[in-house]
Amino acid sequence: MSLYFSLKYRKMSYFFSLAVYLSCFASLCSAQKLKLPLKSVNLGNWLVVEGWMKPSLFDGIPNKDLLDGTKVQLKSTKLHKYLGAEDGGDSVVVINRTSASDWETFRLWRIDENSFNFRVTKKKFMGLSRKETNRIVAVQDQPGDKETFQIVRKEGKPNRIRIQASNGLFLQAKSDTELTADYEGSGWDDSNPSVFDMIIVGSLKGEYQMTNGYGPDKAPKVMQDHWNSYITEDDFKFMSSRGLNAVRIPVGWWIAYDPKPPKPFVGGSLKALDNAFIWSQKYELNVIIELHAVQGSQNGLDHSGTRDGHLEFGDSHIPDTLKVIDFLAARYAKNPALGAIELMNEPWAPLVTLDTLKKYYKAGYDAVRKHTSSAYVMLANRLGPADSKELLSFAQGLKKVVIDVHYYSMYIDMFKDFSAQQHIDFIYNQRGSDLAAVNISNGPLTYVGEWVAEWGINGAYKQDYQRFAKAQLDVYGRATFGWAYWSYKCENDHWSLKWMIENDYIKIK
């Protein structure tokens, strides 16, 4: 009997050791498969919608010009003055401004195609006073029935409107200082105190706007059709065959709650991400999962999942954001295609403070390391007035960490008058210097996570674009972790790496 148990024990020990060996070997193979520097592309507008990249996604939404976050200014046709929240909020709404600025601008929260809340500068909501009958004020932190209004648009002239309050009556401009909800009449004459001209001065077209715009009945099918068709297995095959070895995949925080994320988001993006990993393994591509949209919004841009453009991410949002990172790391840590997890995209300085960012990044790093020691953890630099080197000393204390920088030759006034040659020289000289500043010895690796061969030049020749693209490939190829073009697909040709490759604008070696 003792010999039997001895042999059995030795056999079990052998298989246990073999299992550990194979596990370590698989992990090693995963690490070896990551061929640095990466040549990668962003799969933008797939799992996080960016409407500018495919505007037709919004075509089926009724009143599609009045989505969440649309900024409107309202001018009384009778008084020829603008509505405004006195002191930006926490007070009455008046009609005494001859010109409009921040206090006279309202951000819409869409309830349905005709019903809306109006948010003012201090993040208060316009509504019926709870103290003065029918008086319109802007004092509530959260909207309710009294803060919900119907926008009635004039047929044939949709930006001439009347606004119906929850009491069934219309807003009227009684005087410069008195806006009330007690008008029972009708008509669209200029002299009608309930008629306003609505000027749209800004809009958002992100996933929140799209899903809330279509509503819970239509949004699930629209989104599923988009996920199934926008990026397919054939695209992964194409990328692999054209010299790319990785994909950076933007995801939104709601993916962690799939299949039933908080409204208005809809389930299904997690299955699409699972497919991306299957296809990446098949075509030998590495995956960077990148948290593009965080709760509270880290930059107020439509691709951050924001409802109305306010940047609200802070310390109070860190715990929920860590849950998302933990979910993603736990799900994909053992997948051999996983190359890195990026903790956040483009936090905006100074509203996202460096202290808050470091606190989150350290906790996010620890969350990833609970599940994997082989995947890299990526830290995005802040946009706005921030030092590009501000994370270097912080990151030096962490293992397998990458600093992500984004370089675009637009959005800044100095680029407006650049010639093609000036743009190219800027890449070789200034961008080369910028990258060298973060490429320090014994420091974190570096990654140019977004760049594009596009500029503000009208009438540039194909050869100009080719030289501009080559300059960026030359310089960003010095990033120690690699680079990622924005994006793989886009209706604007030069923003589509697929189009640029197929039409011989870019060659990836």
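Analyst: What follows sets computed values against cut-offs, in a predicted model.

User: What makes K260 exposed?

Analyst: K260 has a relative accessible area of 74%. Exposed means over 50%, so the label holds for K260. K260 sits in the loop between strand 14 and helix 4. Its C-alpha atom is 13 Å from that of K271, eleven residues apart along the chain.

User: And why does D87 count as partly exposed?

Analyst: D87 has 40% relative accessibility. Buried ends under 20% and exposed starts over 50%, with partly exposed in between. D87 therefore falls in the middle class. D87 is placed in the loop between strand 3 (82-85) and strand 4 (91-97).

User: What is the phi of D87?

Analyst: Phi of D87 is near 60°, a positive value in a residue other than glycine. S297 also has a positive phi, near 70°, and is a residue other than glycine. S297 lies in the loop between strand 15 and helix 5. With a relative accessible area of 1%, S297 is buried.

User: Which residues are joined by cis peptide bonds?

Analyst: P264 is in the loop between strand 14 and helix 4. Another joins W486 and S487, again with omega about 10°. S487 belongs to the loop between strand 20 and helix 10 (497-502).

User: Now helix 5. How does its span compare with the expected one?

Analyst: Helix 5 (residues 318-332) has 15 residues. From its first C-alpha to its last it reaches 21 Å, close to the 21 Å expected at 1.5 Å a residue.

User: How do you know where the buried residues of helix 5 lie around the axis?

Analyst: The buried residues are I318, T321, L322, V324, I325, L328, A329 and Y332. They cover an arc of only 155° around the axis, so they are on the same side of helix 5. Their cover includes strand 14 (246-252), helix 4 (269-282), strand 15 (286-293), strand 16 (338-342) and helix 6 (354-369).

User: What makes helix 5 and helix 6 roughly parallel?

Analyst: They pack at an angle of about 30°, with axes 9 Å apart. Angles under 35 degrees count as roughly parallel, so helix 5 is roughly parallel to helix 6. The crossing of helix 5 and helix 6 is right-handed. Among the residues that meet are I325 and A329 in helix 5, and Y360 and A363 in helix 6.

User: Why are helix 8 and helix 9 given that label of roughly parallel?

Analyst: Helix 8 (residues 420-438) and helix 9 (residues 462-476) pack at an angle of about 5°, and their axes are 10 Å apart. The cut-off is under 35 degrees, so helix 8 and helix 9 are roughly parallel. The contact includes I424, I427 and L435 of helix 8 and F468, A471 and V475 of helix 9.

User: How do you know that the length of helix 9 agrees with expectation?

Analyst: Its 15 residues should span 21 Å at 1.5 Å a residue. The end C-alpha atoms are 21 Å apart, so the values agree.

User: What do the buried residues of helix 9 pack against?

Analyst: They pack against helix 8, strand 19 (445-451) and strand 20 (482-485). The buried residues include Y465, F468 and L473.

Notes: Residues are numbered from 1 along each chain as its sequence is written. This is a predicted model: local features need pLDDT of at least 70, side-chain atom pairs count only at pLDDT 80 or more; totals for chains, interfaces and linings use all residues. Side-chain values use heavy atoms; hydrogens and water are left out. Helices (H or I, at least four residues) and strands (E, at least two) are DSSP runs, numbered from the N terminus. The expected span of a helix is 1.5 Å times one less than its number of residues. Buried means under 20% relative accessible area, exposed over 50%, partly exposed in between (1.4 Å probe, protein chains only). The arc is that of the directions from the helix axis to the C-beta atoms. Contact means heavy atoms within 4.5 Å. Axes are lines fitted to C-alpha atoms, for helices over the stretch in contact, and angles run from 0 to 180 degrees between N-to-C directions. Angles under 35 degrees count as roughly parallel, over 145 as roughly antiparallel, 65 to 115 as roughly perpendicular and the rest as oblique. A crossing is left-handed if the near helix is turned anticlockwise from the far one by less than a right angle, and right-handed if clockwise.
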